[in-house]
Amino acid sequence: MDNLEPDGSTPEGVINGKVKDLWNKTIPKLILSETDAEFDNTYNDFIGQMDKVGTEKAEKVMYQRHLEDMKKKGVQ
C-alpha cells in the first residue's frame, strides 16, 4: 500500500496527525488499564475524540487512495 495517508499540509492531513497524536497518548492508558471498564472507558473516550477532530474526512481520503493503489496494482 503506497502513500495512503493524506498530505500533512491538507486539512485531512492535519486531522490524521491529530488522530495519531491521540492514539499515541491513548495506547499507554489502554495498556495500563486495571479493569475492563477502565479500558472500555479509555477506548470509548478515544473514539469520541477522533470523531470530534473529524477523522471521517481523513478516512475518506485514505480509502480513496487505497482504491487508487489497488487499481494501479490491478487488484480489483
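Two residues are in contact when they have heavy atoms within 4.5 Å of each other. Helices here are DSSP runs of H or I with at least four residues, numbered from the N terminus. With that rule for contact, Glu12, Ile15, Asn16 and Val19 in α1 meet Thr55, Lys57, Ala58, Val61 and Met62 in α3. This is a predicted model, where local features need pLDDT of at least 70, side-chain atom pairs count only at pLDDT 80 or more, and totals for chains, interfaces and linings use all residues. Residues are numbered from 1 along each chain as its sequence is written, and side-chain values use heavy atoms, with hydrogens and water left out.

**Helix α1 with helix α3**

- The axes of α1 (residues 11-31) and α3 (residues 55-72) come within 8 Å and cross at roughly 110°.
- Axes are lines fitted to C-alpha atoms, for helices over the stretch in contact, and angles run from 0 to 180 degrees between N-to-C directions.
- α1 and α3 are therefore roughly perpendicular to each other (65 to 115 degrees).
- The residues of this contact of α1 with α3 divide into 5 nonpolar, 2 polar and 2 charged.
- Nonpolar covers Ala, Val, Leu, Ile, Met, Phe, Trp, Tyr, Cys and Pro; charged covers Asp, Glu, Lys and Arg; the others, Gly among them, are polar.

**Helix α1 with helix α2**

- The axes of α1 and α2 (residues 36-53) come within 10 Å and cross at roughly 170°.
- That makes α1 roughly antiparallel to α2 (over 145 degrees).
- The residues of the contact of α1 with α2 divide into 10 nonpolar, 3 polar and 2 charged.
- On the α1 side, the contact includes Leu22, Trp23 and Thr26.
- On the α2 side, Phe39, Thr42 and Met50 are among the residues that take part.

**Thr26, in α1**

- Thr26 lies in helix α1.
- Thr26 counts as buried, at 9% relative accessibility (buried means under 20% relative accessible area, with a 1.4 Å probe and protein chains only).
- A polar atom of the Thr26 side chain lies 2.7 Å from the backbone oxygen of Leu22.
- Leaving out residues up to four places away in sequence, Thr26 touches Thr42 and Phe46.

**Met50, in α2**

- Met50 lies in helix α2.
- At 13% relative accessibility, Met50 counts as buried.
- Met50 and Leu22 are 28 residues apart along the chain, and their C-alpha atoms are separated by 7.7 Å.
- Leaving out residues up to four places away in sequence, Met50 touches Val19, Leu22, Thr55 and Glu59.

Note on methods:
Helix = DSSP H or I, 4+ residues; strand = E, 2+ residues; numbered from the N terminus. Parallel < 35°, antiparallel > 145°, perpendicular 65-115°, else oblique. Buried < 20%, exposed > 50% of the residue type's maximum accessible area, 1.4 Å probe, protein only. Polar contact = N/O pair within 3.5 Å; in protein donor to acceptor, adjacent residues only side chain to side chain.
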